[in-house]
Amino acid sequence: MRRRVIFPNKVLPYVLLAPQLAVTLVFFFWPAAQALYQSVLIQDPFGLRTQFVWFENFQAILTDPLYLGSARVTLLFSGAVTLLAMSLGLLFAAMADAGIRHTRLYRTLLMWPYAVAPAVAASLWLFVFHPSIGVLGRRLNALGIPWDYKLNGAQALLLVILASAWKQVSYNFLFFLAGLQAVPRAIVEAASIDAGPARRFWSIVFPLLSPTTFFLLVVNLVYAFFETFGVIHALTGGGPVKATETLIYKVYSDGVINLDLGSSSAQSVVLMAIVIGLTAVQFRFVERKVHY
Amino acid sequence: MGTPGRSDGWLPHLVLTVGVVVFAFPIYFALIGSSHDAASIATGRMPLWPGPHALANYWQALTGGSGLRISAAPVGRQMLNSLFMAVGIAVGKIAISVLSAYAVVFFQFPLRRTCFWMIFITLMLPVEVRIIPTYKVVSDLGMINTMAGLTIPLIASATATLLFRQVFLTIPDELTEAAKIDGAGPMRFFWQIVLPLSKTNIAALFVILFIYGWNQYLWPLLITTDRQMETVVIGIVKMIGTSDAQTDWNIIMATAMLAMLPPVAVVVFLQHWFVKGLVEPEK
């Protein structure tokens with residue numbers, strides 16, 4: 001879309017764009033280019049010599065059982081967080097939109113976890129599920145259910161999934177609620193003549209929500225991939241025995257802790273490809289406004 | 001939409017009430033934990049109701065740092081750091097996005113599309129995937145442990161620019177034409193017409209970006225090696241990280257409450273702007 005009326009200045013637009021472009025070039029493009037460049041090099045541990053190795057780093061990570069294990073953890077984690085956060089968000093939104101009173105009050109009481117930092121959310125869940133001092137963690141052990149997320153990988157994964165989903169439900173709830181409120185009343189009224197509430201929801205309302213659902217699917221996956229670093233770092237540190245080490249966490253631990261620049265850069269490039277893929281999917285959908 | 005012709009059923013209220021309670025329960029325990037002494041928590045005998053030590057705990061957290069065992073800054077200082085970072089990121093993002101969107105919409109110049117695409121592509125480069133090279137740039141520029149290092153690398157934003165572009169495209173050509181006939185230059189038009197028209201969008205975006213900035217974790221974790229520069233979100237995780245048996249859970253929970261208070265208050269009290277800022281750009 002283009003405006004017909006514009007200002008004729010020749011220099012001013014560049015001045016206006018300068019701050020944004022400067023930040024973009026220095027902190028986005030240059031580092032991204034560096035990551036690409038580093039990903040085809042191998043550096044010795046002292047940083048004295050570097051060697052160009054084509055795709056050796058990529059080959060190394062894609063055949064590394066640790067990396068593939070981390071990819072599996074990421075898929076399981078992201079899938080569980082997305083499914084849990086989206087279905088609870090949809091459930092609450094459908095209930096809040098069922099023509100009841102106090103919708104706004106429920107909205108207020110359900111949306112605030114969005115504002116809690118992932119790392120702070122982790123500290124809250126830690127306090128509840130700590131095996132010796134946590135209110136629930138202690139109870140579980142007292143009941144004879146051995147609970148220790150520091151030793152048991154499955155329990156650790158469950159805990160990071162719960163803490164991450166807890167934070168994300170409010171986001172999904174708000175978008176589903178907005179989507180439901182935009183469904184035309186007439187359609188629902190017409191459907192209510194010959195269908196019960198459940199059938200009406202699944203065969204009429206839910207298909208109408210498909211743009212929202214699809215958008216949220218992408219957003220939730222991006223959230224689970226990239227923004228849950230704080231939850232994992234604070235709760236489990238990727239452990240025990242890498243049971244909660246997602247791809248992002250692995251980039252961090254290989255690059256920042258173990259200083260393996262080549263491998264970490266190659267991992268970064270793989271992640272970049274994933275983001276580009278997800279964003280492309282999202283914008284294709286936004287452009288076309290797909291409906292049922 | 002609202003279900004037509006139906007009075008209040010009990011099921012929605014039940015489901016929502018259970019939801020509200022389940023979602024609030026970690027907060028409730030944090031609140032309780034912040035009102036007892038360290039010993040009764042460490043022995044696992046914390047009661048499920050408030051204790052008498054709340055004031056002392058919050059006071060110690062705010063002024064004394066984390067139990068005086070480690071050289072962390074007091075939480076009061078950490079919260080100031082968080083505040084500066086959050087406001088810096090929000091104001092910075094809005095300022096540079098509003099200017100660049102204005103340039104892209106109201107001017108015609110060579111490389112206009114290229115500039116727009118360069119901004120757009122940043123959407124696909126979240127800080128998490130370029131951690132180490134970005135850290136290196138910031139460290140080469142001497143910006144480690146500075147507020148500039150904490151904020152500036154995070155302020156480029158494709159979403160804010162896209163949002164303002166959408167808003168500016170709705171400003172009718174007639175208005176621009178009239179302003180030009182009246183002799184208003186581009187900057188005067190910007191200050192007197194475009195900015196006032198975007199006021200509500202700016203307010204809504206500020207709320208979202210304040211929360212985004214306050215809750216940053218990975219970036220400040222890398223950029224702050226000086227403990228006086230730590231944000232409260234980093235501070236709290238470092239408190240937990242110290243030895244397990246001696247952890248002052250009462251102080252940690254008081255800090256957790258303090259750390260979430262500003263962003264949660266912003267969401268609850270500026271709810272109108274928050275929902276607008278969150279849901280509308282995506283419509």
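Tutor: A crossing is left-handed if the near helix is turned anticlockwise from the far one by less than a right angle, and right-handed if clockwise. The model is predicted: local features need pLDDT of at least 70 and side-chain atom pairs pLDDT 80 or more, while totals for chains, interfaces and linings use all residues. Residues are numbered from 1 along each chain, with chains lettered from A and ligands numbered from 1 as written.

Student: In which hand does H5(A) pass H7(A)?

Tutor: H5(A) covers residues 118–129 and H7(A) residues 153–181; helices are DSSP runs (H or I, at least four residues). The crossing of H5(A) past H7(A) is right-handed.

Student: How are H5(A) and H7(A) oriented to each other?

Tutor: Their axes, lines fitted to C-alpha atoms over the stretch in contact, lie 10 Å apart at an angle of about 130°. Angles under 35 degrees count as roughly parallel, over 145 as roughly antiparallel, 65 to 115 as roughly perpendicular and the rest as oblique. H5(A) and H7(A) are therefore oblique.

Student: How many nonpolar residues has the contact of H5(A) with H7(A)?

Tutor: Contact requires C-beta atoms, placed from the backbone, within 7 Å. Residues including A:Trp125 and A:Phe129 of H5(A) meet residues of H7(A), among them A:Trp166 and A:Lys167. This contact has one charged residue, no polar residues and, as nonpolar residues (Ala, Val, Leu, Ile, Met, Phe, Trp, Tyr, Cys and Pro), nine.

Student: Which helix gives the most to the side of chain A that touches chain B?

Tutor: The contact takes 88 residues from chain A and 85 residues from chain B. On the side of chain A, 64 are nonpolar, 16 polar and eight charged. With 17 residues (in 12–38), the helix that gives the most to this side is H1 of chain A.

Key: Two residues are in contact if their C-beta atoms, placed from the backbone, lie within 7 Å. Helices (H or I, at least four residues) and strands (E, at least two) are DSSP runs, numbered from the N terminus. Axes are lines fitted to C-alpha atoms, for helices over the stretch in contact, and angles run from 0 to 180 degrees between N-to-C directions.
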